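This report describes a protein model, moving from a single loop residue to the elements around it and then to the chain as a whole. Please keep the sequence and the structure at hand while reading.

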Amino acid sequence: MFLRFVTERTLAGEAESINERWLGVEIFGRRADYDTAADPVVRVTAAEIRKRIAQYYQDPAHANEFRIALPSGSYVPRFHKPKDLIDAASKELSQASPETLTVPEIPPVPHPAHRLRHFALVIALTTVVAGFVSAGSILLWQRLHRPPPDFFWQPVLNTNDPVLLCIADQLQYSAIALRDAAEPTHQILLKDNLTAVVMDDVYATVKVAGILQSSAKRYTVRGEGATNLEDLRNGPTVFIGAFDNAWTLRLTNSLRYRFANNADMSQHEIVDSRAPAQTRWMVDRSVQIATNNYRDYAIVARFTDANTGKLSVIVAGIGRGGTIAAGEFLTDSDDLAQLNRSAQAAGNKTNLEIVLSTQIIDGQPGSPKVEAAYFW
């Protein structure tokens with residue numbers, strides 16, 4: 001797709017407009033203001049295509065075919081007749097590796113009077129190249145077409161260790177209702193010992209797992225009751241859920257923003273350790289249960305745990321809606337872009353912690369809103 005795109009644009013007389021940012025937007029769906037230094041998708045793809053072109057023409061079977069080249073440092077293709085390259089190409093092929101190979105070039109002819117004559121040539125060239133580029137470049141394009149991981153997830157994705165998703169679990173069922181295969185409306189109750197998982201926590205888990213899977217990052221999912229300190233030493237861990245996840249409460253207890261509750265668990269809140277007397281982010285459980293309409297709060301954080309030396313990510317709300325909102329925030333490109341700007345303004349510190357809020361209406365959370373942020 002990359003090679004066909006730049007070939008067609010060159011044929012249309014648009015060679016001057018072909019540059020890295022334009023290709024990133026047009027081919028790979030990047031935003032117009034994306035950071036080309038942090039996201040080298042165009043350069044990586046072009047380098048792969050140059051290598052495959054060089055490898056293709058090293059085969060004597062293709063010696064008499066039309067030639068196409070993508071010069072190093074440029075994304076504008078050059079086209080050549082075989083007779084122009086026989087001597088020069090054979091000499092260079094014997095001396096250069098595919099990565100360093102360059103081909104004598106002639107400039108494209110974008111003038112309208114010559115377009116028709118060159119159309120058949122370009123079609124032939126792209127057809128030839130499709131045979132050796134398609135399989136590899138399609139896979140490469142699919143891998144690179146996805147949006148670049150935000151800076152929040154990049155440290156997690158860059159590690160060689162698998163990621164552990166530590167999700168809250170609750171042992172609460174001693175029986176399970178199974179449906180009869182012959183008559184699905186008929187249920188049979190059987191004794192069992194089940195580990196229940198809150199569906200709203202599963203939602204956040206699936207959102208995070210999607211980020212990892214799209215980047216081919218290995219991960220496992222484990223209940224907090226089955227997670228031990230040794231597990232946390234094996235790689236980055238994402239902790240999902242707050243008051244039903246002991247690991248989340250332990251880890252956030254030393255952070256600036258942490259979870260708290262009163263003695264009878266009727267009020268839950270996020271407190272600022274620098275202003276512990278202030279009550280800003282609290283959920284009254286009686287209101288939550290009675291109306292199902294309330295404002296929920298969540299913590300999202302990324303930091304290196306001093307006990308394990310590994311990255312820890314927190315995705316946890318006071319209520320279930322808060323956890324959903326946290327999962328949405330950490331997988332939404334606009335929200336992460338906002339967080340990126342805040343991090344840059346704070347000096348691109350390694351660790352960060354955010355307090356979010358979301359309005360719950362009939363049990364369903366709205367969009368997350370940043371209430372406070374801290375970088376260190």
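The model is a predicted one. In this model the phi angle of Asn 292 is near 60°, a positive value in a residue other than glycine.

## Strand β11 and its partners

Strand β11 comprises residues 294-304 and is mostly covered, with 9 of its 11 residues buried. Strand β11 is joined to β13 by 9 bridges, and these two strands run antiparallel. Within this pairing, Arg 302 stands opposite Leu 352 of β13.

Strand β11 also pairs with strand β12 (residues 311-317), again in the antiparallel sense, over 7 bridges. Here Val 300 stands opposite Val 315 of β12. The two strands β11 and β12 form a hairpin, with 6 residues between them. In the turn of this hairpin, Gly 309 has a positive phi of about 75°. As a general point on strands, side chains in a regular strand alternate between the two faces of the sheet.

## Helix α12: length and faces

How far apart are the end C-alpha atoms of helix α12? The helix has 13 residues (333-345), and at 1.5 Å a residue these should span 18 Å. The end C-alpha atoms of α12 are 18 Å apart, which agrees with that expectation.

The buried residues of α12 are Asp 335, Leu 336, Leu 339 and Ala 343. Viewed down the helix axis, the buried residues of α12 fall within an arc of 95°, so they line one face of the helix. An α-helix has 3.6 residues a turn, so residues three or four places apart point the same way. Ser 333, Arg 341 and Ala 345 are exposed on the other side of α12. The cover over the buried residues of α12 includes α11 (320-329), β13 (352-361) and β15 (369-375).

Ala 337 also belongs to helix α12. Its relative accessible area is 22%, and Ala 337 is therefore partly exposed. Ala 337 and Phe 151 are separated by 186 residues in sequence, while their C-alpha atoms are 8.8 Å apart in space.

## The two ends of helix α12

At the N-terminal end, α12 is capped by Asp 332: a side-chain oxygen of this residue lies 3.1 Å from the backbone nitrogen of Asp 334.

Just after α12, Gly 347 takes a positive phi of about 95°. Asn 348 is found in the loop between α12 and β13. The phi of Asn 348 is near 55°, which is a positive value in a residue other than glycine. At 51% relative accessibility, Asn 348 counts as exposed, because the exposed class begins over 50%.

Is Thr 237 buried or exposed? Thr 237 lies in strand β7 (residues 237-240), and at 1% relative accessibility it counts as buried. Leaving aside residues up to four places away in sequence, Thr 237 touches Leu 164, Cys 166, Leu 232, Leu 311, Ser 312 and Val 313.

Arg 78 is found in strand β2 (residues 78-80). Its relative accessibility is 18%, so Arg 78 counts as buried, the cut-off for that class being under 20%. The side chain of Arg 78 reaches the backbone oxygen of Val 76 at 3.1 Å.

## The protein as a whole

The protein has 12 helices and 15 strands. Of its 376 residues, 43% count as buried. Among contacts between residues at least 6 apart in sequence, 60% join residues at least 24 apart.

The protein exposes about 19,600 Å².

Note on methods:
Residues are numbered from 1 along each chain as its sequence is written. This is a predicted model: local features need pLDDT of at least 70, side-chain atom pairs count only at pLDDT 80 or more; totals for chains, interfaces and linings use all residues. Side-chain values use heavy atoms; hydrogens and water are left out. Helices (H or I, at least four residues) and strands (E, at least two) are DSSP runs, numbered from the N terminus. The expected span of a helix is 1.5 Å times one less than its number of residues. Buried means under 20% relative accessible area, exposed over 50%, partly exposed in between (1.4 Å probe, protein chains only). The arc is that of the directions from the helix axis to the C-beta atoms. Contact means heavy atoms within 4.5 Å. A polar contact is a pair of N or O atoms within 3.5 Å; within protein, one must be able to donate a hydrogen and the other to accept it, and residues adjacent in sequence count only if both atoms are side-chain atoms. Accessible areas come from the Shrake-Rupley method with a 1.4 Å probe; for residues, only the protein chains shown count as cover. Two strands pair if DSSP finds at least two bridges between them.
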